[in-house]
Amino acid sequence: MHKQLICINCPKGCIIDVDYDENTIIDIQGNSCPQGAKYVESEIFHPTRMLTTTVRINNGIHKMLSVQTDKPIPKDMIFHIMEELKKVQLDAPIQINDIIISNILNTGANIIATRSMKRK
């Protein structure tokens, strides 16, 4: 298989061409440093993302609270986690960095508040 990726490890943004099979990188071209090769391998075989979203909050000065994962999660888990977060309803007050859900769906990542929310 062939894929073209833009490396995000540094501001250069190298355009990297990669040939690979099910579990091996066959050829990488276009990366100007070893970090590009590491990025490509991770992105192809184990892509992860930070998830930033909102959850409902009762009695807060706003109706929604911004939250995020405290570390990257597997990309294929994003929609499953979003389904879980749709069920969440918190009560104010909440402090920034409070853990909202520990180890969400056994990913090892916590959902944390990205802002404080006072009670109205």
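Student: Over how many bridges do strands S2 and S3 pair?
Tutor: This is a predicted model, in which local features need pLDDT of at least 70 and side-chain atom pairs count only at pLDDT 80 or more, while totals for chains, interfaces and linings use all residues. Residues are numbered from 1 along each chain as its sequence is written, and side-chain values use heavy atoms, with hydrogens and water left out. Strands (E, at least two residues) and helices (H or I, at least four residues) are DSSP runs numbered from the N terminus, and two strands pair if DSSP finds at least two bridges between them. S2 and S3 meet this in the antiparallel sense, and their pairing runs over four bridges.

Student: Which residue of S3 stands opposite Val18?
Tutor: S2 covers residues 15–20 and S3 covers 25–29, and the two form a hairpin with four residues between them. Within S3, the residue opposite Val18 is Ile28.

Student: In which order do the three strands of the open sheet stand, and what is the average twist from one strand to the next?
Tutor: The three strands are antiparallel and follow the order S1-S2-S3. S1 (2–6) and S3 each have a single partner strand, so each stands at an edge with one side left without a neighbour in the sheet. Angles run from 0 to 180 degrees between N-to-C directions of axes, which are lines fitted to C-alpha atoms (for helices over the stretch in contact), and from one strand to the next the twist averages 25°.

Student: Which residue in S2 is the bridge partner of Gln4?
Tutor: S1 and S2 pair in the antiparallel sense over five bridges. The residue in S2 that partners Gln4 is Asp17.

Student: How many disulfides are there, and how far from Cys7 is the nearest cysteine sulfur?
Tutor: A disulfide is a covalent bond between the sulfur atoms of two cysteines. With the rule that a disulfide is a pair of cysteine sulfur atoms within 2.5 Å, the count is zero. Cys7 is accordingly in no disulfide, since the sulfur of Cys10, the nearest one, lies at a distance of 6.0 Å.

Student: Is Cys7 buried or exposed?
Tutor: Buried means under 20% relative accessible area, exposed means over 50%, and partly exposed lies in between, for a 1.4 Å probe and protein chains only. Because its relative accessibility is 6%, Cys7 counts as buried.

Student: How far apart are the end C-alpha atoms of helix H1?
Tutor: The expected span of a helix is 1.5 Å times one less than its number of residues. H1 (residues 34–45) has 12 residues and should therefore span 16 Å, which agrees with the distance between its end C-alpha atoms, 17 Å.

Student: What arc do the buried residues of H1 cover, and which strands do they pack against?
Tutor: The buried residues of H1 are Gly36, Tyr39, Val40, Glu43 and Ile44. Taking contact as heavy atoms within 4.5 Å, the buried residues pack against S1, S2, S3 and S4 (48–49).

Student: In what order are the strands of the open sheet with mixed pairing, and by how much are neighbouring strands turned against each other on average?
Tutor: This sheet of five strands has the order S8-S5-S6-S10-S9. S8 and S9 stand at its edges with a single partner strand each, so one side of each has no neighbour in the sheet. With direction ignored, neighbouring strands are turned against each other by an average of 45°.

Student: Which residue in S6 is the bridge partner of Thr54?
Tutor: S5 (52–58) and S6 (64–69) pair in the antiparallel sense over five bridges. The partner of Thr54 in S6 is Ser66.

Student: At about what angle to S5 does helix H2 run?
Tutor: H2 covers residues 78–86 and lies across S5, S9 and S10 (111–113). Relative to S5, H2 runs at about 15°.

Student: What is the omega of the cis peptide bond between Ala92 and Pro93?
Tutor: Most residues other than glycine have a negative phi, and most peptide bonds are trans. Pro93 lies in the loop between S8 (89–91) and S9 (99–101). The bond joining Ala92 and Pro93 is cis, with an omega of about 5°.
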